[in-house]
Amino acid sequence: MIQFAYTILYVKDVPTSLAFYEKAFSFVTKFVTPDNSYGELLVGETTLSFATVTLARTNLKDGFTESSITNKPFGIEIGFTTNNIEATIASVLKAGGTLLEHPKTKPWGQIVAYVRDLDGFLIEICTPMG
């Protein structure tokens with residue numbers, strides 16, 4: 001059986017990224033390596049992980065495109081559901097995130113907003129479906 005296990009975001013500073021997600025979304029750190037090059041958050045059934053750009057470079061010999069708050073976001077997003085979009089956005093902004101798109105109601109009734117984290121990764125904040 002194959003199961004989605006985790007997503008790893010390549011970031012400049014793992015402890016800073018973990019602290020942002022803890023403050024913005026009330027997630028809890030699950031694990032951090034002694035050298036702070038890798039860390040994991042408890043976010044539900046899967047794990048959201050972070051690795052330093054330096055560590056990522058050792059894994060990918062041909063390199064990769066680094067995320068940056070000054071560039072457009074990648075064509076991929078992390079999605080978190082909540083029953084209180086406005087409060088979640090306020091928490092993200094207080095933690096240092098950036099609002100990209102204000103909440104909008106989609107044709108299927110779901111409310112969706114977009115923010116960016118400290119490293120520029122795109123995060124969808126939305127109401128649950130069904």
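Which residues do ring pairs link into a cluster? Select F20, Y21, F25, F27, F50 and F80: ring pairs join them into a cluster. Here, rings of Phe, Tyr and Trp (its six-membered ring) pair if their centres lie within 6.5 Å.

Before moving on, some housekeeping. This is a predicted model, where local features need pLDDT of at least 70 and side-chain atom pairs count only at pLDDT 80 or more, while totals for chains, interfaces and linings use all residues. Residues are numbered from 1 along each chain as its sequence is written, and side-chain values use heavy atoms, with hydrogens and water left out.

**Stop 1: a ring pair**

By the ring rule, the count comes to 11 aromatic pairs. Pick F31 and Y38: their ring centres are 6.3 Å apart and their planes sit at 55°, so this pair is tilted (planes under 30 degrees apart are stacked, over 60 edge-to-face, and the rest tilted). Now colour by accessibility. Y38 is buried, with a relative accessible area of 15%, whereas F31 is partly exposed at 40%. Buried means under 20% relative accessible area, exposed over 50%, and partly exposed in between, using a 1.4 Å probe and protein chains only.

**Stop 2: S37**

Next, click S37, in the loop between β2 (28–32) and β3 (38–42). Strands are DSSP runs of E with at least two residues, helices are runs of H or I with at least four, and both are numbered from the N terminus. Is S37 buried or exposed? It counts as buried, at 13% relative accessibility. Leaving out residues up to four places away in sequence, S37 touches V14, F50, A51, T52 and L55; contact means heavy atoms within 4.5 Å.

**Stop 3: the largest pocket**

Show T7, L48, E77, I78 and G79, which lie nearest the centre of the largest pocket among its 15 lining residues. β1 (6–11), β4 (47–52) and β5 (78–81) are the elements giving two or more residues to that lining, and β5 provides the largest share, three residues. A pocket is an open set of points on a 1 Å grid over the protein atoms alone, where a 1.4 Å probe fits, with protein on both sides within 12 Å along at least five of seven lines; lining residues have an atom within 4 Å of a point.

**Stop 4: L93**

Finish in helix α3 (residues 85–94), where you'll find L93. L93 is partly exposed at 38% relative accessibility. Draw a C-alpha to C-alpha line from L93 to D117: they are 24 residues apart in sequence and 9.2 Å apart in space.
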